[in-house]
Amino acid sequence: MDTRVLTVNPEHPDAAALADAARILRDGGLVAFPTETVYGLGANALDASALARIYEAKRRPANDPIIAHIAHRAQLDELARDIPRAARQLAEAFWPGALTLVLKRAPCVPDNIAAGRDTVAVRMPAHPLARALLLAADVPVGAPSANTFTRPSATTAAHVLEDLDGRIDLVLDGGPTPIGVESTVLDLTGDTPVVLRPGGVTLEALQAVLPETTLAPRYLAEDGATDAPGQLLKHYSPLARVLLFTGAPAAVRARMRSELDALVADGAAAGLLLAEEDLVMLDGLDAAVAHEVLGCEQDLSAVSRRLFDALRALDRRGVDAILVRDFGRSGLGAALWDRLLRAAEGRIIAVDDP
């Protein structure tokens, strides 16, 4: 099929473009659109056939659930049952925003949005274009990230087209996404709230509302049964092999430089993902060594905005391996660690202080 692209002002979206996209969604088609986290690939969340098209277009395994996006809180009661008080508290505190709640699924919701399980993942996005589209469509919209399965998520319309051109109906280009990593997924179906995927809403913020909230991400094989999106070990992965280093920053920089030198000596094309504080590693290196600067490590929001774009940029330069370090485990650091660990397929190089 021909994938159309409509460039839309995200703050003041064109009414005709919204009507076009809403009609496609109601008719069972696929529309990619920006949220505050990443671009989503949307279909009518109440249409099993439309949801099946998402799995087909993304080449996504049927065991990986899809998040339903809603425009107003009344739709939560349409999609979920036995909604606990905690869900109302969290919706009051964080919606619209980058928080997905896993709840018991209502009978009207198709099985394939939840990979056949009795749960449903729901969020209300804050991005003005996403909200305008959801209101125009007047149906909840199932929308995983708008990329080929296991690839880095799309944070621009160009990323969507890299992966999905010719396989979806429409892309609404609303510019780059402001957060750059996916939503936090919080399971409320058990005795205590559990973060299954850290994301745009931090654990610390959730604990300020529900102190009993814990963090327990899962790293499952591709054929593992998942009850929420984003739990497979191989995810957000570039074509290049990712080597993830963890430890004290100075010791990590020295080890990364040593590994880089060894790769180059072996004739491999290596790339670096760096914080501004890591630029000292480039001293004495050939200027042609591929690298991308994510931002200052004191501003993890800037790092998160650049992460997926930088991974894709190094792929385009044809590197064989990408070396990157972690950014801690607190605040947005937890989401960055999760994405990098999955991009590296669990390959971690722990560096001890000298």
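Ala, Val, Leu, Ile, Met, Phe, Trp, Tyr, Cys and Pro count here as nonpolar, Asp, Glu, Lys and Arg as charged, and the others, Gly among them, as polar. The model is predicted: local features need pLDDT of at least 70, side-chain atom pairs count only at pLDDT 80 or more, and totals for chains, interfaces and linings use all residues. Numbering runs from 1 along each chain as its sequence is written, and side-chain values use heavy atoms, without hydrogens or water.

**Pocket and cavity**

On a 1 Å grid over the protein atoms alone, a cavity is a set of points where a 1.4 Å probe fits but cannot get out; a pocket is an open set with protein on both sides within 12 Å along at least five of seven lines; lining residues have an atom within 4 Å of a point. Points are joined across faces, edges and corners, and volume is the space filled by probe spheres set on them.

The largest pocket holds about 160 Å³ of space. Its lining has 15 residues, with Pro84, Ala86, Leu188, Thr189 and Gly190 nearest the centre. Helix 4 (85-94) and strand 6 (99-105) are the elements that give two or more residues to this lining. Helices (H or I, at least four residues) and strands (E, at least two) are DSSP runs, numbered from the N terminus. The pocket lining splits into six nonpolar, four polar and five charged residues.

The whole structure has one cavity of 30 Å³ or more. The largest cavity has a volume of about 200 Å³. Of its 23 lining residues, Ile67, Pro144, Ser145, Glu182 and Arg197 lie nearest the centre. Strand 3 (39-44) and strand 4 (67-69) each supply at least two lining residues. By class, the cavity lining has nine nonpolar, nine polar and five charged residues.

**Helix packing**

Axes are lines fitted to C-alpha atoms, for helices over the stretch in contact; angles run from 0 to 180 degrees between N-to-C directions.

| Helix pair | Angle | Axis distance |
|---|---|---|
| Helix 9 (300-316) and helix 10 (332-343) | about 20° | 10 Å |
| Helix 1 (15-26) and helix 5 (128-137) | roughly 60° | within 8 Å |

Helix 9 is therefore roughly parallel to helix 10. Helix 1 and helix 5 are oblique to each other. Angles under 35 degrees count as roughly parallel, over 145 as roughly antiparallel, 65 to 115 as roughly perpendicular and the rest as oblique.

Contact means heavy atoms within 4.5 Å. For helix 1 with helix 5, the contact residues include Leu18 and Arg26 of helix 1 and Leu129 and Ala137 of helix 5. That contact has nine nonpolar, no polar and one charged residues.
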